[in-house]
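This report describes a few features of one protein chain. Have the sequence and the structure at hand while reading.

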Amino acid sequence: MTHAKPEAHDAKGGPGPGSEAVVGSRRPDLIQLFERFGILLVWAAVAIGFSIAEPNTYLTVGNLANIFGSQAVLVVVTLALIIPLTAGDYDLSVGGVVAVSSMTIAVLNGQHGWPIVPAVVAAILAGVVVGLFNGLVITIFAIDSLIVTLGSQTVLSGLVLWMSDSQTVSGVSNSLVNLVVVQKLFGIPLAFYYAIVITAAIWYLFEQTIFGRKLLFTGRGRDVARLSGVRVNRLRVAALVCSGVVSAIAGVLYVGTTGAADPSSGFSFLLPAFAAAFLGFTAIRPGRFNAWGTFVAVYFLISGITGLELKGVPPFVQQFFYGGALILAVVLRQVVRGRTETSAE
């Protein structure tokens, strides 16, 4: 894992002399504007292109409602991912947490008759436990987060198969399904608006709190952050716990969307989430993982995938699309990071 050159910040995590606050005072040039909003232009170009190619199906109310309403889970999973990424840690267990939390609800509510609220609370607690376990093992034993969370992901996979007996578990309360996907606002399921609320909450966490500033500070230079008085390990554990909680909320949305829990479905979110997270790094707030950049990146990718599906391309092309997007996003991330550091000097 690589860490960028730390920005100048004060000991409380706020921007200090020479930081991006100074950079932000410079008049933005066209390149900076394109870095921030170029993804919106590309997204528009993709939408226009597929609208011309598939005029009767792509740009329709039903298809747009499907695009925005059906991908709320991926938005929330990606938001969970960018919290530890900001602190310099990977969390490969987010898909496993989605699977465990959704299966917990399905088993407790659908099979054992628990009321839906306690089942949801148990699912969220499962996310807390996984995040806390990851954080403590990573920080106490000084092990790379990539290795620990990869192991957690594998363990969670086995746990979900044991819980479900390798079968899809259905029978989840209709009250949850109604609150997630049946009830709509402006023709779009409520799940989309939940994703917007969570995006706004993560934006507030990153941009308006000392905790968010310290996360950024830690991710860009742990030693400097530690010398500045930041409790780095405690912060990293908190970031992974937050990731677990947000991933568990994604699991709640997933089971509310489908009315059932599939033991393998949660793990399919990992690659698209990483692609969207790194693509979001280059947008809106270039040079850092940010909530609204992530939100836009997810729907940019999904707009492309949906267009390809309508064109009838084989399913394996989706893997090419996501994999190519991830590679491109990482390359762009390095370019944007280098440019940001150069501008800050």
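In this predicted model, Leu-146 counts as partly exposed because its relative accessibility is 38%, a value between the limits of 20% for buried and 50% for exposed. Leu-146 sits in helix H7. Leu-146 also belongs to a nonpolar patch on the surface, together with Leu-132, Leu-136, Ile-140, Phe-141, Ile-143 and Ile-147. The accessible area of these residues together is about 650 Å². Helix H6 (116–140) and helix H7 (145–164) each supply at least two residues of the patch, and H6 gives the most, with 3 residues.

Helix H13 (residues 270–280) is another case. Of its 11 residues, 10 are buried, so the helix is largely enclosed by the rest of the structure. Among the buried residues are Leu-270, Pro-272, Phe-274, Phe-278 and Gly-280.

Val-107, in helix H5 (residues 94–111), counts as buried because its relative accessibility is 10%. Val-107 and Ser-164 are 57 residues apart in sequence, but their C-alpha atoms are 7.5 Å apart in space.

The count of salt bridges comes to 6. Three of them are listed here.

| Salt bridge | Distance, N to O |
|---|---|
| Arg-222 and Asp-89 | 3.0 Å |
| Glu-207 and Arg-285 | 3.3 Å |
| Arg-288 and Glu-207 | 3.7 Å |

The side chains of Arg-222 and Asp-89 meet in a salt bridge. This pair links distant parts of the chain, 133 residues apart: Arg-222 is in helix H11 (residues 222–227), and Asp-89 is in the loop between helix H4 (72–86) and H5. Arg-222 is buried, with a relative accessible area of 18%, and Asp-89 is buried at 2% relative accessibility. Asp-89 and Arg-222 are linked with Arg-236 in a network of salt bridges.

Glu-207 forms a salt bridge with Arg-288. Here too the pair links distant parts of the chain, 81 residues apart, with Glu-207 in helix H9 and Arg-288 in the loop between H13 and H14. Glu-207 is buried, with a relative accessible area of 16%, and Arg-288 counts as buried at 6% relative accessibility. Arg-285, which meets Glu-207 in a salt bridge, is partly exposed, with a relative accessible area of 26%.

Helix H10 (residues 210–220) gives the most to the lining, with 3 residues. The lining divides into 3 nonpolar, 2 polar and 2 charged residues.

Note on methods. Residues numbered from 1 in each chain as written. Predicted model: local features only at pLDDT ≥ 70, side-chain atom pairs only at ≥ 80, totals over all residues. Heavy atoms only, no water. Helix = DSSP H or I, 4+ residues; strand = E, 2+ residues; numbered from the N terminus. Nonpolar A, V, L, I, M, F, W, Y, C, P; charged D, E, K, R; others polar. Patch = residues over 30% accessible without salt bridge, like charges linked within 9 Å, V, L, I, M, F, W, Y side chains within 5 Å. Areas by Shrake-Rupley, 256 points an atom, 1.4 Å probe, with all protein chains shown as cover. Salt bridge = Lys/Arg side-chain N within 4 Å of Asp/Glu carboxyl O. Buried < 20%, exposed > 50% of the residue type's maximum accessible area, 1.4 Å probe, protein only.
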